[in-house]
Every structure is written in structure tokens, then in C-alpha cells.
Amino acid sequence: MDVKKFYEEIGGSYANAVAIMMNDALIARMLSKFIKGDAVEQLISSYEQKDYRAVFAASHSLKGVAGNLALTPIFDLASSITEATRNDDGVDLDKEIGELKKAYELIQEKHSQYIAQ
């Protein structure tokens, strides 16, 4: 298991993750919980249903989790989506949602290669 390599390949911050979590074992455990969770799916589903209040809540929550895990690509996208939906406006976030799906798929792929072994 190489947590540092995982972070390098997803564009995250291993240094920040270690500063928060203190060791690779805890990082790996929390990453597994993130992968098994449904935070990203909830955000996407809420957007597809055009429930912007739920999109805001889901993206805000995802931003916190991604920040704590130093998953920079997810954190940046969740932050952008949070701000775009803060006022419950019907906004076009197709580009951001597409990027979020790609970033999450990469994290899932690299997780299975490096962490879940």
C-alpha cells in the first residue's frame, strides 16, 4: 500500500493529509470510508433532480470531507459547486458535475490500485 503514490496520482496533497490524519493507516481507513460512502452520488443525484438546495448541502458536506482527506480535485470542485448554489439558484453545473465524476472515478481507480490492496 502506497498512500503517498495515491495522492501524487490523483493530484491531492499527501502532506496535508498526513498533517491532519497523522499516519498512512488512518488515511487509508478514511479513504476507504469515503469510497464506500455516497457523498458524490448524492450530489450528482440532487443536481440531476434540479434540487439546488440539496446540491448545496451535499457539496458543502463533500467539501468538508474532501478537505479533511486533502483530496484537492474533489475539494476544489465541491467548493465551486457550493458557492454556485449558495443562493439556491438554478445554475448550469454540467461542466463541474462532469469534472467531479471524472475526478471521483480516478480516485476510485487509484484507491483500488494503492489503498485497497
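Biologist: What does Glu9 form with Lys110, and how far apart are the closest N and O atoms?

Modeller: Glu9 and Lys110 form a salt bridge, with 2.7 Å between the closest N and O atoms; a salt bridge here is a side-chain nitrogen of Lys or Arg within 4 Å of a carboxyl oxygen of Asp or Glu. The pair links distant parts of the chain, as Glu9 is in helix H1 and Lys110 is in helix H7, 101 residues apart. Helices are DSSP runs of H or I with at least four residues, and they are numbered from the N terminus. Please keep in mind that this is a predicted model, in which local features need pLDDT of at least 70 and side-chain atom pairs count only at pLDDT 80 or more, while totals for chains, interfaces and linings use all residues. Residues are numbered from 1 along each chain as its sequence is written, and side-chain values use heavy atoms, with hydrogens and water left out.

Biologist: Is Lys110 buried or exposed?

Modeller: Lys110 is buried, at a relative accessible area of 12%, where buried means under 20%, exposed means over 50% and partly exposed lies in between, using a 1.4 Å probe and protein chains only. Glu9, by contrast, counts as partly exposed at 27% relative accessibility.

Biologist: Which residues are linked with Lys110 in a network?

Modeller: Lys5, Glu9, Glu109 and Lys110 are linked in a network of salt bridges. Within it, Glu9 also forms a salt bridge with Lys5, where the closest N and O atoms are 3.5 Å apart. Because Glu9 and Lys5 are 4 residues apart in helix H1, about one helical turn separates them.

Biologist: Switching topic, how many residues does helix H5 have?

Modeller: Helix H5 covers residues 52-69, so it has 18 residues, and it reaches 25 Å from its first C-alpha to its last, close to the 26 Å expected at 1.5 Å a residue, the expected span being 1.5 Å times one less than the number of residues.

Biologist: And which residues of H5 are buried?

Modeller: The buried ones are Tyr52, Val55, Ala58, Ser59, Leu62, Ala66 and Leu69. They lie on the same side of H5, because they cover an arc of only 115° around the axis, judged by the directions from the helix axis to the C-beta atoms.

Biologist: What do they pack against?

Modeller: The buried residues of H5 pack against several helices, including helix H1 (3-10), helix H4 (39-48) and helix H7 (94-115), where contact means heavy atoms within 4.5 Å.

Technical notes. Helices (H or I, at least four residues) and strands (E, at least two) are DSSP runs, numbered from the N terminus.
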